[in-house]
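Please look through the structure below before reading the notes. They are arranged by topic and can be followed with the model on screen.

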Amino acid sequence: SSATAGSGPGHKRPAFADRRDFVERLLPEIERVLDGLGLDARAVLAQSALETGWGQRMIHAPDGASSHNLFGIKAGRGWQGDRVAVKTVEVIDGVAEVQTAEFRSYPDVRAAVEDYVQFLRSDDRYRDVLDAADRDRFADALQQSGYATDPAYAGKIKAVIGSLDRLMGS
């Protein structure tokens with residue numbers, strides 16, 4: 001996973017009007033999918049906000065259709081669904097490099113969130129993410145698991161959680 005480059009092929013008109021629209025439309029979907037799983041919906045929403053720039057940098061197919069990829073999940077060899085290739089920044093041995101990568105594409109937001117949960121469940125390295133007792137541990141576990149190549153990933157998620165809390169008034 002990684003943050004995608006901000007413009008060019010693969011990126012079209014933002015899917016959300018602003019941060020509040022992003023939260024109001026996604027949080028209920030995330031809460032429905034996560035119900036009973038123990039994951040903090042706001043922490044998951046914060047990760048999505050980081051990965052998509054609060055929905056302003058969603059990955060799109062060449063025809064402009066949204067991939068609904070909220071979590072920057074790449075389409076590896078085992079992925080049977082649709083995929084979209086875009087440029088992305090990866091940190092390799094401490095150096096940021098622009099690469100082209102294929103990312104998973106979903107028919108809608110709910111499918112993206114359901115696949116995210118399945119993605120975390122499918123690999124033991126994410127066990128600590130799924131077992132995280134609070135938001136900070138969730139962010140730290142994501143970084144420690146290698147979810148993203150960004151060495152500052154956990155800190156960025158925590159900062160977005162703070163922004164999200166301020167936006168939601170809590």
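Predicted model: local features only at pLDDT ≥ 70, side-chain atom pairs only at ≥ 80, totals over all residues.

Helix α2 spans residues 41–52, and it is largely enclosed by the rest of the structure, because 12 of its 12 residues are buried. The largest nonpolar core has 47 residues, and a search of the whole structure finds nine aromatic pairs.

**Helix α2**

- Helix α2 has 12 residues and reaches 16 Å from its first C-alpha to its last, close to the 16 Å expected at 1.5 Å a residue.
- At the start of α2, Asp40 places a side-chain oxygen within 2.9 Å of the backbone nitrogen of Arg42.
- Just after α2 comes Gly53, with a positive phi of about 60°.

**Nonpolar cores**

- Within the largest nonpolar core, of 47 residues, Tyr116, Phe138 and Tyr147 have the most contacts.
- At least two residues of this core come from each of α1, α2, α3, α5 and α6.
- Helix α3 supplies the largest share of this core, eight residues.
- Apart from this core lies another, of six residues, including Val84, Val86, Ala101 and Phe103.
- What does Tyr116 touch, not counting residues up to four places away in sequence? Its contacts are Val44, Gln47, Phe71, Ile73, Phe138, Leu142 and Tyr147.

**Aromatic pairs**

- A pair of aromatic rings is described by the distance of the centres and the angle of the planes.
- The search of the whole structure gives nine aromatic pairs.
- One of them joins Phe22 and Trp54 edge-to-face, at 5.9 Å centre to centre and with 65° between the planes.
- Phe22 lies in helix α1 and Trp54 in the loop between α2 and β1 (83–92), so this pair ties together parts that are 32 residues apart in sequence.
- Both Phe22 and Trp54 are buried.
- Another pair is Tyr116 with Tyr147: the ring centres are 6.5 Å apart and the planes stand at 70°, so the pair is edge-to-face.
- This second pair links distant parts of the chain, since Tyr116 is in helix α3 and Tyr147 is in the loop between α5 and α6, 31 residues apart.
- Are Tyr116 and Tyr147 buried or exposed? Both Tyr116 and Tyr147 are buried.
- Tyr116 and Tyr147 also belong to a cluster linked by ring pairs, together with Phe71, Phe119, Tyr126 and Tyr153.

- Trp54 has a positive phi, near 60°, and is a residue other than glycine.
- Trp54 is found in the loop between α2 and β1, and it counts as buried because its relative accessibility is 9%, under the 20% cut-off.
- His68 is not a glycine either, yet its phi is positive, at about 55°.
- The loop between α2 and β1 is also the place of His68.

Definitions and conventions. Residues numbered from 1 in each chain as written. Heavy atoms only, no water. Helix = DSSP H or I, 4+ residues; strand = E, 2+ residues; numbered from the N terminus. Expected span 1.5 Å × (residues − 1). Buried < 20%, exposed > 50% of the residue type's maximum accessible area, 1.4 Å probe, protein only. Polar contact = N/O pair within 3.5 Å; in protein donor to acceptor, adjacent residues only side chain to side chain. Core = buried A, V, L, I, M, F, W, Y, C linked by side-chain atoms within 4.5 Å. Contact = heavy atoms within 4.5 Å. Phe/Tyr/Trp six-rings, centres within 6.5 Å; stacked < 30°, edge-to-face > 60°.
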